[in-house]
Amino acid sequence: MGQFIFVPIIFIGLVVLISSFFVVKQQTAAIIERFGKFQSIRHSGLQLKIPLVDRIAGKLSLKIQQLDVIIETKTLDDVFVRLKVSVQYKVIKDKVFEAFYKLDYPHDQITSYVFDVVRAEVPKMKLDDVFVRKDDIAIAVKSELNDAMMEYGYDIIKTLVTDIDPDAQVKAAMNRINAADREKTAAQFEGDAARILIVEKAKAEAESKRLQGQGIADQRREIARGLEESVEVLNKVGINSQEASALIVVTQHYDTLQSIGQETNSNLILLPNSPQAGSQMLNDMVASFTASNQIGEAMKAAKNKKKNDE
């Protein structure tokens, strides 16, 4: 009978002995209380506590944690915007006691401070400035949280403004403005391209006209040189300049008629086309040149006389 009583006692003793040992994981702190009073903080490894006297009141992770806070607020230009602020924090290893006993809900505490800072900073900025100065907002949140949470054993590692989401109508308007600006830029480029094309085309036409005029001038210069040589040749055989000019005109007249006659589909009519027409044209030209020379000499004499009178 005594043996049967001894077995349960041994079993209970083993259970109590085993419950005296516990394991704390890496980057974790365990808080030990004795009869409801704080006793010690145990870190990673195999730990021992007094059975039925000590108990594990709780465990805190020493890893870096992240809390995402969504805040809706209004900007200086009366645009409602939603911001997502990510707060990275951890429990300070030397302040586990404060983190466990001084603060029941650290997430709620951090969220309250983030709301307070963001709603104090964003209403001072216009919507465009919120996008540009989001790092300033994050720095302000981190500074405020560090000052407040350090007392409770929490270290704020980093704060990030990870998302800025204006009202849907505002985003649509911003997209329209952006699209209109891009269309304006595209139109300006197209206009510049068209202007350059017109300018280059005009330059090409001007160059073409210049070269064409130069070609005509060269052609006429060669014709005049050829006529001069022809007159000199005729003068050498006893034909005076007027007779030589008449002969050249008549010759060119018939050359022209011959050239026209070679074209079977030509509709050109040369007027006048009689043999005497060339001689008549030459006489008219000579008379015109003579009259022009006389007028020029008279004007020159009058000008000299007026100058002498003065």
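Student: Let's start with Asp78. Why is Asp78 called exposed?

Tutor: Look at the number: Asp78 has a relative accessibility of 55%. Exposed means over 50%, so Asp78 gets that label. Keep in mind that this is a predicted model, so the value is computed from predicted coordinates.

Student: And where does Asp78 lie?

Tutor: In the loop between β6 and β7. Those two strands form a hairpin with five residues between them.

Student: What is there to say about the phi of Asp78?

Tutor: It is near 60°, a positive value in a residue other than glycine. Most residues other than glycine have a negative phi. Gln27 is another case, also with a phi near 60°. Gln27 sits in the loop between β1 (21–24) and β2 (28–34).

Student: Which residues does Val130 touch?

Tutor: Leaving aside neighbours within four places in sequence, Val130 is in contact with Thr75, Leu83, Val122, Met125, Ile137 and Ile164. Take Thr75: it is 55 residues away from Val130 along the chain, yet their C-alpha atoms are separated by 8.1 Å.

Student: What about Thr111? What makes Thr111 partly exposed?

Tutor: Its 23% relative accessibility. Buried would need a value under 20%, and exposed one over 50%, so Thr111 counts as partly exposed. Thr111 is found in helix α3 (residues 106–121), and it touches Leu67 and Val69, not counting residues up to four places away in sequence. Thr111 and Leu145 are 34 residues apart in sequence, with 9.7 Å from C-alpha to C-alpha.

Student: Now the sheet. Which strands make up the open sheet of three?

Tutor: The order is β6-β7-β8, with antiparallel pairing.

Student: Why do β6 and β8 count as edge strands?

Tutor: Because β6 (65–74) and β8 (154–166) each have a single partner strand, one side of each is left without a neighbour in the sheet. Neighbouring strands here are turned by 20° against each other on average, direction ignored.

Student: How do you know that β6 and β7 pair?

Tutor: Count the bridges: 10 of them join β6 to β7 (residues 80–91). Pairing takes at least two, so β6 and β7 pass. You can pick out individual partners too: Gln66 goes with Gln88, and Gln65 with Tyr89.

Student: And how many bridges are there between β7 and β8?

Tutor: There are 11, in the antiparallel sense. Along that pairing, Val91 stands opposite Tyr154 in β8.

Student: Which helix lies across β7 and β8?

Tutor: That's α5 (residues 134–149), running at about 145° to β8.

Student: What makes α3 oblique to α5?

Tutor: Their axes come within 9 Å and cross at roughly 140°. Roughly antiparallel would need over 145 degrees, and roughly perpendicular ends at 115, so α3 is oblique to α5. The crossing is right-handed.

Student: What kinds of residues form the contact of α3 with α5?

Tutor: They divide into 11 nonpolar, one polar and two charged. On the α3 side, Ile110, Tyr113 and Val114 are among them, while the α5 side includes Ile137, Ala140 and Leu145.

Terms used: Residues numbered from 1 in each chain as written. Predicted model: local features only at pLDDT ≥ 70, side-chain atom pairs only at ≥ 80, totals over all residues. Heavy atoms only, no water. Contact = heavy atoms within 4.5 Å. Helix = DSSP H or I, 4+ residues; strand = E, 2+ residues; numbered from the N terminus. Buried < 20%, exposed > 50% of the residue type's maximum accessible area, 1.4 Å probe, protein only. Axes fitted to C-alpha atoms, helices over the stretch in contact; angles between N-to-C directions. Parallel < 35°, antiparallel > 145°, perpendicular 65-115°, else oblique. Left-handed = near helix turned anticlockwise from the far one by under 90°. Nonpolar A, V, L, I, M, F, W, Y, C, P; charged D, E, K, R; others polar.
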